[in-house]
Amino acid sequence: MQRDRVLRAVVQLVAVGPGEKGQNRECSATGFLIDEEGFLITNAHVVEDANRCLEKAPGAMILAKPATADSRVARAVPCEVVEIDEAHDVALLKTARPFLSEPGERPPFAPLEVHAVAEGTAVMVSGHPEFSWQPVTQTGRIVRVGQAHLAGEDAARSGALELDIPLRLGNSGSPVYRPDGGVIAVVDQRDSLRPSHSVAVSIRYAIALADRHGARWHAMD
């Protein structure tokens with residue numbers, strides 16, 4: 001099923017660096033793979049938060065960890081930040097090596113859907129809230145299709161969706177997808193006026209980043 005295909009492409013993004021009083025400083029969020037080579041999408045603010053966690057750890061990198069059948073195994077792979085689009089709060093990363101899949105299968109990736117979507121469309125969000133080891137999936141609907149200032153009132157307005165899904169810290173960068181379709185948006189933030197709702201940025205900005213760097217993303221069949 002398509003939703004399983006997207007779910008396999010979801011990764012937890014982790015950054016751990018030295019903090020105060022001998023305690024580690026830890027950051028965790030979500031991203032998702034868009035091709036077999038290891039290109040992945042998340043939010044610009046996820047990368048910025050991770051860099052703050054790593055500022056006292058020279059040479060350290062953000063780690064991407066896919067879900068595994070055995071929760072005791074963590075196949076974390078370091079990521080390079082390829083490009084950040086701060087205005088639309090999306091970022092393109094690339095893992096140091098592709099994730100290996102089961103024998104005979106292709107590495108995981110989420111298909112992307114570029115068609116317009118309507119209010120009332122059923123959607124799913126899969127991510128790693130609050131350092132969850134395995135991805136958590138929630139369901140809901142699009143309640144508004146419009147625009148939003150995702151990087152402050154002085155930034156450009158971005159095509160955005162409002163979802164009736166209450167999301168938690170760590171869900172940033174999660175894919176928003178139709179149950180039988182591809183990824184249509186990237187979770188950005190909780191709605192400041194309606195905490196039970198969330199805001200997601202259109203996938204088209206992530207596609208623009210991918211195209212600039214030759215990532216061979218896959219459109220929904």
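Me: Which residues have the most contacts inside the largest nonpolar core?

Reply: Happy to start there, keeping in mind that this is a predicted model. In general, nonpolar side chains tend to be buried together in soluble globular proteins. Here the largest nonpolar core has 45 residues. Those with the most contacts inside it are Phe-32, Ile-34, Leu-40, Val-183 and Ile-203.

Me: What is Leu-40 in contact with, leaving aside neighbours within four places in sequence?

Reply: Leu-40 is one of the residues with the most contacts inside the largest core. Its partners beyond those neighbours include Ala-64, Cys-79 and Thr-95. Also on the list are Val-11, Leu-13, Phe-32, Leu-33, Ile-34, Ala-91, Leu-92 and Leu-93.

Me: Which residues of helix H2 are buried?

Reply: Let's look at the cover first: it includes strands S1 (10–18), S2 (24–33), S3 (39–42), S4 (62–66), S5 (77–85) and S6 (90–95). Helix H2 itself runs over residues 44–54. Its buried residues are Ala-44, Val-46, Val-47, Ala-50, Cys-53 and Leu-54.

Me: What radius of gyration does the protein have, beside that of a compact globule?

Reply: The chain has 221 residues, so a compact globule would have a radius of gyration near 17 Å. The C-alpha atoms fill a box of roughly 45 × 45 × 30 Å along the principal axes. The protein's own radius agrees with the globule value, at 16 Å.

Me: What part of the contacts with a separation of 6 or more comes from residues 24 or more positions apart?

Reply: For background, the secondary structure comprises three helices and twelve strands, and buried residues make up 49% of the protein. Among contacts with a separation of 6 or more, the part from residues 24 or more positions apart is 63%.

Me: Is Phe-131 buried, partly exposed or exposed?

Reply: Phe-131 sits in the loop between S7 and S8, and its phi is near 65°, a positive value in a residue other than glycine. Glu-130, in that loop between S7 (122–127) and S8 (136–149), has a positive phi near 50°. Because its relative accessibility is 44%, Phe-131 counts as partly exposed.

Methods: Residues numbered from 1 in each chain as written. Predicted model: local features only at pLDDT ≥ 70, side-chain atom pairs only at ≥ 80, totals over all residues. Heavy atoms only, no water. Helix = DSSP H or I, 4+ residues; strand = E, 2+ residues; numbered from the N terminus. Rg over C-alpha atoms; globule rule 2.2 N^0.38 Å. Buried < 20%, exposed > 50% of the residue type's maximum accessible area, 1.4 Å probe, protein only. Contact = heavy atoms within 4.5 Å. Core = buried A, V, L, I, M, F, W, Y, C linked by side-chain atoms within 4.5 Å.
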